[in-house]
Amino acid sequence: MQRETLDTEYIEQVTDTFLKTVSAFSNGEGGVITFGITDDQKVVGLSNPERAALQIENKINDSIQPLPQYRIHIDTENKTVSLQISEGPFNPYYWRNKAYIRHNSSSVEMDMILNS
């Protein structure tokens, strides 16, 4: 398993903070977020991956403007959920009225990169 990079992110549990990365991947070249894996790449799984996938879908649909292009895959063996986000044709993509972009393995506000 590769470490977190420009287009790869691991998240142990579903929380709203992943939406910043969805914005960043949509504003960049796309990427994959895998839920149920720790930052040090240990597979811990999710207690209910199907429910987590529905939460992920609802959070994206309710929070990112415009709606990004994405696909969700459930790995039933490892109990993980992968979210593949495509580069968006309608940039910028906003979460909480801010647009993000990937900088190395972090998601940062676009203004911070453009103004530095």
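I started at Glu 12 and listed its contacts beyond four places in sequence: Gly 36, Ile 37, Thr 38, Val 44 and Leu 46. I note that the model is predicted.

I checked where Glu 12 sits. I found the residue in the loop between S1 and H1. Is Glu 12 buried, partly exposed or exposed? I read a relative accessible area of 40%, so Glu 12 counts as partly exposed. I then took the C-alpha to C-alpha distance from Glu 12 to Gly 45 and got 7.8 Å, across 33 residues of sequence.

Next I followed the strands. Strand S1 covers residues 8-11 and runs parallel to S2, with 4 bridges between them. I traced S1, helix H1 (residues 18-27) and S2 as a right-handed β-α-β unit.

How many bridges join S2 to S5? I counted 5, and these two strands run antiparallel. Here I noted that Thr 34 is bridged to Ser 82 in S5.

I looked at burial in S2, residues 31-35. Of its 5 residues, 4 are buried, so the strand is largely enclosed by the rest of the structure.

Last, I went to Thr 80, in strand S5 (residues 80-85). Its relative accessible area is 6%; the cut-off for buried is under 20%, so Thr 80 is buried. I listed what Thr 80 touches beyond four places in sequence: Thr 34, Phe 35, Gly 36, Ile 37, Val 43, Gly 45, His 73, Ile 74 and Asp 75. I marked Gly 36 and Ile 37 in that list, as Glu 12 also touches Gly 36 and Ile 37.

Key
Residues are numbered from 1 along each chain as its sequence is written. This is a predicted model: local features need pLDDT of at least 70, side-chain atom pairs count only at pLDDT 80 or more; totals for chains, interfaces and linings use all residues. Side-chain values use heavy atoms; hydrogens and water are left out. Buried means under 20% relative accessible area, exposed over 50%, partly exposed in between (1.4 Å probe, protein chains only). Contact means heavy atoms within 4.5 Å. Two strands pair if DSSP finds at least two bridges between them. A crossover is right-handed if, with the strands pointing away from the viewer, the path from the first strand over the helix to the second runs clockwise.
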